[in-house]
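The paragraphs after it go through them group by group.

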Amino acid sequence: MKQANHGAIDNKQLLTIIERVEKLNEETAAIAADIKEVYTEAKSAGYDPKYIRQMIRLRKLDPDELDESDELIKMYRSALGL
C-alpha cells in the first residue's frame, strides 16, 4: 500500500474511499431488496423460490459441468435407490 507524505494520511482520499464503499453498500442492500421482491412475486405466481435459486446456480455452470453434475446426481440417486 502506497502511503503519501511518508506515513501521513490523505484525509480527502480516505474520506472519498469510505464514501464510495458506503454508497456501494447502500446499492447492494437495494439490489438485495429488489431480488427478494422478485422471489416474492415468483412465489405469488406459484413458483418455488428454492428451485428458482437452483436454476440460477445451474445456468451459471458451463454446459460440460452441468452435464457432469446431472450424471453424478443420477448415479448417486441410483446408488441410494432414489
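K74 forms a salt bridge with E71, and their closest N and O atoms are 3.8 Å apart. A salt bridge here is a side-chain nitrogen of Lys or Arg within 4 Å of a carboxyl oxygen of Asp or Glu. Both K74 and E71 lie in helix α3, 3 residues apart, about one turn of the helix; helices are DSSP runs (H or I, at least four residues), numbered from the N terminus. K74 is exposed at 53% relative accessible area, while E71 is partly exposed at 48%. Exposed means over 50%, buried under 20%, and partly exposed in between (1.4 Å probe, protein chains only).

This is a predicted model: local features need pLDDT of at least 70, side-chain atom pairs count only at pLDDT 80 or more, and totals for chains, interfaces and linings use all residues. Residues are numbered from 1 along each chain as its sequence is written, and side-chain values use heavy atoms, with hydrogens and water left out.

The count of salt bridges comes to 2. E27 forms a salt bridge with K23, with the closest N and O atoms 2.5 Å apart. E27 and K23 are separated by about one helical turn because they are 4 residues apart in helix α1.

Helix α3 (residues 63–79) also holds E68, which is exposed at 52% relative accessibility. E68 belongs to a surface patch of negative charge, together with D62, D64, E65, D67 and D70. Patches are made of residues with over 30% relative accessible area and no salt bridge; like charges are joined within 9 Å, and nonpolar side chains (Val, Leu, Ile, Met, Phe, Trp, Tyr) within 5 Å. Asp and Glu count as negative, Lys and Arg as positive, and His and the chain ends are not counted.

Note on methods. Areas by Shrake-Rupley, 256 points an atom, 1.4 Å probe, with all protein chains shown as cover. Charge placed at Lys NZ, Arg CZ, Asp CG, Glu CD. Helix = DSSP H or I, 4+ residues; strand = E, 2+ residues; numbered from the N terminus.
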